[in-house]
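This report describes a single protein chain for a reader who works with its coordinates. The sequence and the model are shown first.

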Amino acid sequence: MVLAAGALAFPPGNAGDTVADNVLGQPDFIHNVANIPDAASLNTVNDMSHVAIDKNRHVYVADANNNRILGYASISALTNGQPATLVIGQPDFFSTTSNQGGAPSANTLSQPAGLAVDSVNNLYVADSSNNRVLVYLTPFTKNAGVPGSGDSTADVVIGQGGDFTAAGCNPPGTPDAETLCNPKGLTLDPSDNLWVADQNNHRVLEYYSPLFNSAANFVIGQPDFLHSNCNQGGGASQSTLCNPTSVAADSHSNIYVTDSSNNRVLEYNTPLSSNNQIANHVWGQSGFTSGFCTVSQTGLCTPTGVGLDASNNLYIADAGNQRILEYKETTNPPSNLTADLVFGQRTSFTTRTCNSGDVPGTTDPVTYAIRGMSSSTVLHWSRRIPTTIEF
């Protein structure tokens with residue numbers, strides 16, 4: 001996801017460091033337990049793609065285990081432990097049941113994951129366990145002449161043939177251009193084309209804007225829409241994927257994918273010309289045919305999230321190494337494959353201990369910086385990553 005520069009306006013923290021300045025989902029930096037559900041709590045925010053900010057400064061968080069999306073009306077007014085002002089997927093802030101205890105509908109969610117917003121503030125949600133993507137027209141704003149806008153009911157469904165009550169993986173069983181199986185990450189490119197990391201089909205799909213139908217136009221990671229094997233049934237290569245979990249686009253429409261089980265992030269130069277597009281760059285591995293889990297300034301281990309700021313600097317949630325890495329970029333297409341900054345491991349590129357080996361509550365907040373990838377916390381770094389709150 002790429003957001004406009006200056007999108008954040010939290011109270012000033014210590015600028016230019018790797019210490020978190022604000023927290024959502026917990027009252028402070030030293031707590032991390034799952035919630036008693038209300039408007040100020042969270043239960044599992046898995047990676048940076050599970051947070052989105054629209055152009056009107058509304059914040060959305062995918063609260064996966066509570067089967068809901070929380071909306072915060074103003075990023076400028078956020079404080080530690082801030083309560084949400086909008087809930088999507090549940091009838092109120094105190095309910096948490098998958099699909100509200102019944103069948104899926106336009107008002108329910110089950111294990112929501114990746115979020116994205118387009119240029120006109122529509123919200124896109126990867127409703128993972130319902131094997132679909134839902135689109136909500138400007139949830140915070142009722143627009144005259146736009147039916148369905150300004151509420152918490154989904155207006156478009158992708159992956160289930162237009163049926164809000166269906167939830168099967170690849171219905172009726174074979175993947176095609178209109179099916180999904182456990183979608184995770186989402187992004188909108190600068191042209192508002194939708195990209196979906198379709199994890200269990202080991203592929204990434206592109207849907208042209210506007211979404212007149214739910215059929216994808218391009219597939220990455222598979223030779224066509226009818227195949228779904230990890231690494232196409234073989235080993236890692238320049239054209240394969242295995243459990244992609246997140247996708248992002250930079251300002252030039254280059255596409256980045258976390259290829260989690262291959263312990264790498266792949267980049268595809270724009271424009272795509274055909275299905276089964278080959279990747280142009282790889283992070284985390286020395287080449288396109290290796291897939292080792294390593295901890296170093298150039299290595300990755302089970303990356304789960306990827307994002308970019310307005311300067312096209314790249315951020316990777318390196319979950320297996322309990323850290324987030326920043327790669328500063330100055331070229332198009334990108335060329336920097338060595339991390340410049342590490343979050344969550346103090347200043348070390350060679351350690352991977354959860355909370356840097358400290359007990360929560362005994363040390364400074366930098367030791368908790370990585371918790372947002374695996375617990376009930378969303379963190380913010382003041383002006384270190386000036387256009388994202390995706391941790």
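## Basis and confidence

The structure is a predicted model, in which local features require a pLDDT of at least 70 and side-chain atom pairs count only at pLDDT 80 or more, while totals for chains, interfaces and linings use all residues. Residues are numbered from 1 along each chain as its sequence is written, and side-chain values use heavy atoms, with hydrogens and water left out.

The pLDDT is the predictor's confidence in each residue, on a scale from 0 to 100. Its mean over the chain is 86, and 85% of the residues reach 70 or more. In residues 1–12 the pLDDT is below 50, and this stretch has 49 contacts in the model beyond near neighbours in sequence. Residues 360–377 also have a pLDDT below 50, with 74 contacts beyond near neighbours in sequence. A contact here means heavy atoms within 4.5 Å.

## The chain as a whole

The chain contains zero helices and 22 strands. Both are DSSP runs numbered from the N terminus: helices are H or I with at least four residues, and strands are E with at least two.

Of the 391 residues, 58% count as buried. Buried means under 20% relative accessible area, exposed means over 50%, and partly exposed lies in between, with a 1.4 Å probe and protein chains only. The accessible surface of the chain is about 13500 Å², and carbon and sulfur atoms hold 52% of that surface. These areas come from the Shrake-Rupley method with a 1.4 Å probe, and for residues only the protein chains shown count as cover. Among contacts with a separation of 6 or more, 51% are between residues 24 or more positions apart.

## Strand S16 and its partners

Two strands pair if DSSP finds at least two bridges between them. Strand S15 (residues 255–259) runs antiparallel to S16, and five bridges join the two. Within this pairing, tyrosine 256 has glutamate 267 as its bridge partner. The S15–S16 hairpin has four residues between its strands, and asparagine 263 there adopts a positive phi near 55°. S16 also pairs with S17 in the antiparallel sense, over three bridges, and glutamate 267 stands opposite histidine 281 of S17.

In a regular strand the side chains alternate between the two faces of the sheet. In S16, Arg264, Leu266 and Tyr268 point one way, Val265 and Glu267 point the other way, and all are buried. Because five of the five residues of S16 are buried, this strand is largely enclosed by the rest of the structure.

## The sheet S18-S19-S20-S21

Four strands form an open sheet in the order S18-S19-S20-S21, with antiparallel pairing. Strand S18 (303–308) and S21 are at the edges with a single partner strand each, so one side of each has no neighbour in the sheet. Neighbouring strands of the sheet are turned by 20° against each other on average, direction ignored. Such angles are taken between N-to-C directions and run from 0 to 180 degrees, with axes as lines fitted to C-alpha atoms, for helices over the stretch in contact.

S19 (residues 314–318) and S20 run antiparallel and are joined by five bridges. Isoleucine 316 stands opposite leucine 325 in S20.

## Loop residues

Asparagine 336 lies in the loop between strand S20 (323–327) and strand S21 (341–343). Asparagine 336 counts as buried because its relative accessibility is 19%. Its side chain makes a polar contact of 2.8 Å with the side chain of aspartate 340; a polar contact is a pair of N or O atoms within 3.5 Å, where within protein one must be able to donate a hydrogen and the other to accept it, and residues adjacent in sequence count only if both atoms are side-chain atoms. A polar atom of the asparagine 336 side chain also lies 3.1 Å from the backbone nitrogen of threonine 338. The C-alpha atoms of asparagine 336 and tryptophan 283 are 8.9 Å apart, although the two residues are 53 apart in sequence.

Threonine 138 is in the loop between strand S8 (132–136) and strand S9 (156–158), and is buried at a relative accessible area of 7%. Its side chain has a polar contact of 3.2 Å with the side chain of asparagine 143, and one of its polar atoms lies 2.8 Å from the backbone oxygen of threonine 141. Asparagine 269 is in the loop between S16 (264–268) and S17 (281–283); leaving aside neighbours within four places in sequence, its contacts include Asn254, His281 and Pro333.
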